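Please keep the sequence and the 3D view at hand while reading.

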Amino acid sequence: MITKQAIVDRLLNGRGAAGGETGEAFAPANIALCKYWGKRDETLNLPVTSSLSLSLGTLGSHCHLRRCDGPDRILLNDEPLPPAHPFVVRASAFLDLFRDPSGAGYAVAATNTIPTAAGFASSASGFASLVLALDQLHGWALTRREASILARLGSGSACRSLWQGLVEWHAGSAPDGMDSYAEPIASDWEALRIGLLVLEGGPKPISSRVAMRRTVATSSTYATWPATVAADMTTCKAAIAAKDFDRLGQAAESNALAMHATMMTAQPPVLYWKPASVAAMHQVWQARHEGIPLYFTMDAGPNLKLIFLASDEKAVCIHFPSLHVCIPHPA
Ligand code: 2P0
């Protein structure tokens, strides 16, 4: 088995002469239009399939970093977290991969601009911003591809949070994952919009990591998932090249529903949907029936994300007044 430490040591070998006192970075959150659901390597977060995402613009994570004496000190949204907090345990285990030989700690101040009460995951932007801040602090001069590989070791979807806009994560096939990284999809499609529809906050009944593992191990329909994603990726990329919004929206919505279908057929089943989620899906379909090109996607939670074009924002917000609209390519 290849360890995370082996990958980090190989990537950072001989680097770090020009470090500074602090590191500071922002990374946007991202929402997948073609989902990452299932790992071929649990240690290195290597996915079964490629995936494709859209960033949330100014919604994401800021990370400020410096060295400190003693154990790591972690502030989340200005609140000091106790050492046993799950966020501290996960962040410190990741920071262990990069620590100076002295074993000194890191003082991390993480601030999420994504509404935390809304139940939207911020681990992707959190790990991406942490890697960029570590790069500054240590002076590694990482390429974005190398940063993407390191962010993946923290959380799979974090490898897509190094860029704004449309991003593809190449699944790769190498056992060490050096060919499993993300990169932006060249596109000047500035009219794309994504909206967050908050239906329920609160903690998830089951983490996406656990649900993913259970789906791969037990779902009676998971065998069809890789071919479904491959076809949806091809459709989405062709739709992006042609700026064919309906084709993109249809493939993204269908991909999200197919992912949820693999969870529902796991044992025991995983169903993140709540009555309000289903009601919102019907509302999206009704809006579409009325002529508004509007599509949804859904992740490991009950909330929906709506995809539409800037020209339809007013009409969409009449149907969904509480929608938080994001511009994936902020100025
Ligand atoms: C995605 N999700 O593509 C999919 C769709 C959730 C549903 O990536 O175990 O937090 O850290 O690699 O990245 C959430 O999974 O999982 C996720 P780990 P991660 O956005």
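A residue is called buried under 20% relative accessible area, exposed over 50%, and partly exposed in between, with a 1.4 Å probe and protein chains only. By that scale Ala141 is exposed, at 62% relative accessibility. The structure is a predicted model, in which local features need pLDDT of at least 70, side-chain atom pairs count only at pLDDT 80 or more, and totals for chains, interfaces and linings use all residues. Residues are numbered from 1 along each chain as its sequence is written, and side-chain values use heavy atoms, with hydrogens and water left out.

**Surroundings of the ligand**

- A residue is near a molecule or strand if one of its heavy atoms lies within 4 Å of it; of the 17 residues around the ligand, Tyr36, Lys39, Ser155, Ser157 and Arg209 come nearest.
- Polar side-chain atoms lie 2.5 Å from a ligand oxygen atom in the case of Lys39 and 2.8 Å from a ligand oxygen atom in the case of Arg160.
- The protein buries 92% of the 470 Å² that the ligand exposes when taken alone, where accessible areas come from the Shrake-Rupley method with a 1.4 Å probe and, for residues, only the protein chains shown count as cover.
- Helix H5 (residues 208-218) gives the most to the shell around the ligand, namely three residues; helices (H or I, at least four residues) and strands (E, at least two) are DSSP runs, numbered from the N terminus.

**Cysteines**

- A disulfide is a pair of cysteine sulfur atoms within 2.5 Å, and a search of the whole structure finds zero of them.
- Cys236 is in no disulfide, and the nearest cysteine sulfur, that of Cys34, is 3.7 Å away.
- Cys236 is buried, at 0% relative accessibility.
- Cys317 is also in no disulfide, the nearest cysteine sulfur being that of Cys326, 11 Å away.
- Cys317 is partly exposed, with a relative accessible area of 24%.

**Two further positions**

- Ser277 belongs to helix H8 (residues 275-289) and is buried, at 0% relative accessibility.
- Contact means heavy atoms within 4.5 Å; leaving aside neighbours within four places in sequence, Ser277 is in contact with Leu199, Met298, Pro302 and Leu304.
- Ala141 is found in the loop between helix H3 (123-138) and helix H4 (144-154).
- Not counting residues up to four places away in sequence, Ala141 touches Arg15, Asp135 and Glu146.
- Ala141 and Leu12 are 129 residues apart along the chain, and 9.6 Å separates their C-alpha atoms.

Key
A polar contact is a pair of N or O atoms within 3.5 Å; within protein, one must be able to donate a hydrogen and the other to accept it, and residues adjacent in sequence count only if both atoms are side-chain atoms.
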